[in-house]
Amino acid sequence: MVYYRVRIILELLVMAFHGYGNIKALIVDDFNNFRMTVGKMLDEFGCKEVDSAVNGEVALKHCREKSYDLVLCDYNLGSGKNGQQVLEEMRHKKLLNKESLFLMVSAESSMTIVLSAYDYAPDAYLTKPITGKTLQKRLDRLLAQREEMLPVYQCLNTENTTDAIKMSQQAIKNSSRYSSSYQKLLGELLLKNGDLDAAEAVYKQVLEARPLDWAQVGMAKVKLGRGEFETAIKWLVKIISDFPYCMAAYDVLTEAYEKSGDTESMQKTLESAVQVSPMSILRQSSLGDSAAKNNDASVAARAYSRSVRLGKNSCHDDIKNHIQLGRVSVDLFAEGDSKADDLAKESLKVLDSLAKDFDLDKRVQVQSKMLKCQLYSKRGDKKQASDLFAELADAMDLLSAGLTIEAELDWVNTLITLDKKTDADSFLSDLVEKYKDDQVALERIDKMLSEPVSDVNRKKVAKLNKEGIGYYSAKDYKLSVDCFTRAKRLFPNHVGVHLNLVQALLAEMKEFGCNDEYMDVSLSALKKVESLIDARHDQFNRFLQLKDMIRVIERENG
Amino acid sequence: MSDKNENNNADFSLILASSVHDMKNSLGMLLNSLEDLIHESTEKDEKQAQQFGILQYEASRINTELIQLLSIYRMQHELSPVRIDENFPIEIIEEQLARNDTLFEMRGLSVTLDCDEDLCWYYDIELLGGVIHNILVNGARYAKTKMKVSAAIENDELVICISDDGNGYPNFMLGSLQQSYAKSVSFSEGSTHLGLYFAQQVVGLHTRNKVKGRIDLSNGGDLGGGVFKLFLP
């Protein structure tokens, strides 16, 4: 067989890059062999400064000391952080400049799609085995683009958005080879600046050529920015059905539902997002928060459990996820969740190692103990529960002044879990008084008050009602409103209190004119009453009368 | 959310997929070492060059086939993974040519590329890269001395054409690939045409206004051998 040694592969070197001499590169891999091979390749391309790191920690240390232009990082780095977590931390802690390139190396090409569903995406993926020629082609391409776009990135490094926008617009006008990248960037910058019309024009131009996913998401963001929630939501749902891996679409849809107050759809969206990107700690943790708010302990517990697991080696690990796991696991028992006991066991372990994973102050230690006490009790370990409770009762005397509302409610739950109903009720009503001017705290307490309420609270409400009626009779409507507002906080399901409040508000508005805030409060109080009673209720006629009067005021004031 | 079906429903395709995954990783190591070995051995007589060529070609074929198996598994069992964006065909082709450079050298093939450097089109860069790689590896098997890759826009579609000066495709494979995959599987001939099936799947994921991408096989062309054409709307 004759071998033709004459090779005429067209060395077009279209976008050949000639600036390797100035490129500072970092290679991260746990295999010495790979670091050597790739290091040698970069040498041959002309790189003068090539460093290497054996694991994520070393890589991060290098990045803190030196600013790299190029990072080649293997995904699988052995026992510590994986490549994605290294990228996450470098970007999150701003250890990389905007123009720095991060290339993820993985052993299989099909991993790309899995990886791209993380919170942060690398600039490119490389699949092993890497040959010198392939690497050079890829780097030539990326570095040539980086070189052209460098002025824009430098503006971004100094937060100079205005010039970055101008430069991008000029480049698109000049039909730059990288117009598509400039358009992507320009759209984001305009959105960030709140220039919705200009952003819309950019995305429109892209979409005229092709229905690309990122431009469609951009368009939805424009709609969202204008407060057109329904349209934004409709579009995003469609984008997700067309491009199920387009994570940005899930994130924007979540935001749209949150802004429109649809907490249930928000949770559902996060649920589908974590199915596509199960490795994203930020989405898992958001799902936990969203489900917990919706009182869906089953979903919340699982999401927090995954957040805690993903938090290992991640810069996004958050003590909140660990504590919340314990908190929602307690609720699982009430829901009759089949895995309640397993998750409770897991939560206890997580809480036990809390001190090892985080710096704890005294208050968090107490909080963790409360949750453990509840979990032991729910699991039927009365001995452990009562031992912890004894310790807690002592600590509470010392600490009660310095606890957060969250911890205080944990204490209420602890009392309820251990069947100390009277103590729970009295502690709870103290809390309502304590936080009477703190709407955020009150919202959290309200949730507890939908439980059957004690005599103590009933008496308190009766007293407030009487006071309010007194002020009303004396035509001191403002004080009357205050009384009924406090009563409503204590007793969120009390029909009479709501109607009294509306009546006081009506009187106040008749006297001093309509007021948006009062109107909103009246309407929501009426809505609440409507959900509580029907025509058989002895206050139904009064409700109808008040509703009519509010409508009249609403009409008169447009 | 449910926690069941995590382990107890492990069907054969799943077992196969994870096993393929494992094989692929081992093969990756093997290919890497081979590359080093070729790089380091300075004295290359023709016989040795030929042996290296065979080793590398066969290992890379297995590798490609395993990747395709995994990709097909994903296409069938998971969400459609296509991510279409604007790209430069010259970049994806050059990269695949570079990737197979050693193979062409060992086989003594000269490969020419005809593609406008400013040509841009819309496709999934990873998936299409896999298809081109696979057609190049296949072409290198049958080409005698030459291969040619070209890309251009025709009738508002990107046409990538890979041709060689070999004996061409057998008659039953010619034409638009419409027949079902099962028909083209031929164990007796040692060919599963997995590559073609993969290419067909990938190209079919590229649609525009309900027009699907397609593949066409013919013989002849400039070089007189097999001509593989893919059309992306």
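Helices and strands are taken here as DSSP runs, a helix having at least four residues and a strand at least two. On that basis, in this predicted model, the secondary structure of chain A comes to 27 helices and 5 strands. The C-alpha atoms of chain A fill a box of roughly 105 × 65 × 40 Å along the principal axes. Chain A has 558 residues, and buried residues make up 44% of them. Among the contacts in chain A with a separation of 6 or more, 57% are accounted for by residues 24 or more positions apart.

Helix α15 of chain A spans residues 319-335 and so has 17 residues. From its first C-alpha to its last, α15(A) reaches 25 Å, which is close to the 24 Å expected at 1.5 Å a residue. Of these 17 residues, 12 are buried, and α15(A) is therefore largely enclosed by the rest of the structure. The buried residues of α15(A) are A:Asn321, A:His322, A:Ile323, A:Gln324, A:Leu325, A:Gly326, A:Arg327, A:Val328, A:Ser329, A:Val330, A:Asp331 and A:Leu332. The cover over these buried residues includes several other helices of chain A, namely α13 (281-293), α14 (297-311), α16 (340-352), α17 (354-357), α18 (362-378) and α20 (405-417). After α15(A) comes A:Gly336, which has a positive phi, near 65°.

The crossing of α18(A) past α20(A) is left-handed. On the side of α18(A), the residues that take part are A:Arg363, A:Val366, A:Gln367, A:Met370, A:Leu371, A:Cys373, A:Gln374, A:Ser377 and A:Lys378. In α20(A), they meet A:Ala407, A:Asp410, A:Trp411, A:Asn413, A:Thr414 and A:Thr417. By class, this contact has 6 nonpolar, 6 polar and 3 charged residues. An α-helix has 3.6 residues a turn, so residues three or four places apart point the same way.

Chain B was examined in the same terms. The secondary structure of chain B comes to 7 helices and 10 strands. Chain B has 233 residues, of which 36% count as buried. When contacts in chain B are limited to residues at least 6 apart in sequence, 76% of them join residues at least 24 apart.

B:Ala59 is found in helix α2 of chain B, which covers residues 46-77. With 17 other C-beta atoms within 10 Å, B:Ala59 is partly exposed; a residue needs 20 or more such atoms to be buried. Leaving aside residues up to four places away in sequence, B:Ala59 touches B:Leu27, B:Leu30, B:Leu31 and B:Leu34. B:Leu34, one of these contacts, lies 25 residues from B:Ala59 in sequence and 9.4 Å from it in space, C-alpha to C-alpha.

The second example, B:Gln200, is found in helix α7 of chain B, residues 194-204. B:Gln200 has 20 other C-beta atoms within 10 Å and is therefore buried. B:Gln200 and B:Glu117 are separated by 83 residues in sequence and by 26 Å in space, C-alpha to C-alpha.

Conventions:
Residues numbered from 1 in each chain as written. Chains lettered and ligands numbered in written order. Predicted model: local features only at pLDDT ≥ 70, side-chain atom pairs only at ≥ 80, totals over all residues. Expected span 1.5 Å × (residues − 1). Contact = placed C-beta atoms within 7 Å. Left-handed = near helix turned anticlockwise from the far one by under 90°. Nonpolar A, V, L, I, M, F, W, Y, C, P; charged D, E, K, R; others polar.
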